[in-house]
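Me: I am new to this structure and would like to get to know it step by step. Could you walk me through it with some questions and answers?

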Amino acid sequence: MSQAESSTSSSEEPRGGVARRGLLAALGASTLAGCGFHPLNAPPEPGEAGTAVGPELAAIRIGPTYGRSGQLLHQGLERRLASRDRSAPAARYLLTTYVLPSYEAQGYRRDGSPSRFRITMSAPWTLSTLSVPPQQIAAGTVRAMDSFNIVDLEFFSSTVSSEAAERRLVDRLAEDMTIRLALALRDRPAA
């Protein structure tokens, strides 16, 4: 039996027409629309208070960040906030943030050397206007945790494992921060 024959999932359309994913998406959208769900980045409905979040997020300038984790966070935020979009509005907000990593040994070998580490990353952030004097709009802290193993006598694999954990954490921080920024800007009138 080939690998394709033993697969339990398929991305091909059934003979009847609509693909399974399309059907599930349509069903999910109609169900969520009925309960009042409104996507965070969608423009406001007619008669609804608030502003469109997408252009507001694109108007955020990210302040300087330091270190490898800070650079990764800056890149992740840039991708999510669409600040590289040339058609984006002029910057009206300034986001200041930094990354605070914390390492904790979780597992030990018989000789007492650590075999597993937990990384906790925190990123305090502040969103303010670029006006003079600046006005603080929102502030908070996002946190994420992950772990990695230290392989005995395998320095390269341990380094790759720790860097992968760092990238996952920074990606989670950027995603959580973007959601919190969108929530802070959603009900704020356009500047």
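Reply: Happy to! Let us start with a term we will need: a salt bridge is a side-chain nitrogen of Lys or Arg within 4 Å of a carboxyl oxygen of Asp or Glu. Please keep in mind that this is a predicted model.

Me: Then let me try the term out. Which residue forms a salt bridge with Asp-146?

Reply: The closest N and O atoms of this pair are 2.6 Å apart, and the cut-off is 4 Å. Asp-146 lies in strand 5 and its partner in helix 5, so the pair ties together parts that are 22 residues apart in sequence.

Me: Which residues do salt bridges with shared partners join into one network?

Reply: One link is a salt bridge between the side chains of Arg-80 and Glu-175, at 2.7 Å from N to O. Arg-80 belongs to helix 4 and Glu-175 to helix 5, so parts 95 residues apart in sequence are tied together. Both ends are partly exposed, Arg-80 at 23% relative accessibility and Glu-175 at 36%. With the shared partners included, the network consists of Arg-80, Asp-171 and Glu-175.

Me: And how many salt bridges does a search of the whole structure find?

Reply: Another one joins Glu-104 and Arg-118, whose closest N and O atoms are 3.4 Å apart. Glu-104 is partly exposed at 42% relative accessibility, and Arg-118 is partly exposed at 25%. Over the whole structure, the search finds seven.

Me: Let me step back to the overall layout. In what order do the elements of the chain run from the N terminus on?

Reply: The chain has five helices and five strands. Among contacts with a separation of 6 or more, 63% are between residues 24 or more positions apart. Of the 191 residues, 27% are buried. From the N terminus on, the order is α-α-α-β-α-β-β-β-β-α.

Me: Which element gives the most to the largest nonpolar core?

Reply: This core has 30 residues, and those with the most contacts inside it are Ile-60, Leu-73, Met-177 and Leu-181. Several elements supply at least two residues each, including helix 3 (53-58), strand 1 (60-62), helix 4 (67-81) and strand 2 (93-97). Strand 4 (114-129), strand 5 (136-149) and helix 5 (155-186) are also among them. With nine residues, the top contributor is helix 5.

Me: Is Thr-178 buried or exposed?

Reply: Thr-178 lies in helix 5, and its side chain reaches the backbone oxygen of Ala-174 at 2.7 Å. Leaving aside neighbours within four places in sequence, Thr-178 is in contact with Leu-57, Leu-77, Arg-80 and Leu-81. Its relative accessibility is 9%, and the limit for the class is under 20%. So Thr-178 counts as buried.

Me: Now for the strands. Which residue is the bridge partner of Tyr-93 in strand 4?

Reply: Strand 1 and strand 2 run parallel and are joined by three bridges, with Ile-60 opposite Tyr-93. Strand 2 also pairs with strand 4, in the antiparallel sense over five bridges. There, the partner of Tyr-93 is Thr-129.

Me: Which residues make up the uncovered face of strand 2?

Reply: In a regular strand the side chains alternate between the two faces of the sheet. Strand 2 has Tyr-93, Leu-95 and Thr-97 on its covered face. The uncovered face is made up of Leu-94 and Thr-96.

Me: One last topic: aromatic rings. What is the angle between the planes of Phe-117 and Phe-148?

Reply: The count comes to one aromatic pair. Phe-117 and Phe-148 form it, with 5.9 Å from centre to centre. The pair links strand 4, with Phe-117, to strand 5, with Phe-148, 31 residues apart, and Phe-148 is buried at 6% relative accessibility. The rings count as stacked, since the limit is under 30 degrees and the angle is 20 degrees.

How values were computed
Residues numbered from 1 in each chain as written. Predicted model: local features only at pLDDT ≥ 70, side-chain atom pairs only at ≥ 80, totals over all residues. Heavy atoms only, no water. Core = buried A, V, L, I, M, F, W, Y, C linked by side-chain atoms within 4.5 Å. Buried < 20%, exposed > 50% of the residue type's maximum accessible area, 1.4 Å probe, protein only. Helix = DSSP H or I, 4+ residues; strand = E, 2+ residues; numbered from the N terminus. Pairing = 2+ DSSP bridges. Polar contact = N/O pair within 3.5 Å; in protein donor to acceptor, adjacent residues only side chain to side chain. Contact = heavy atoms within 4.5 Å. Phe/Tyr/Trp six-rings, centres within 6.5 Å; stacked < 30°, edge-to-face > 60°.
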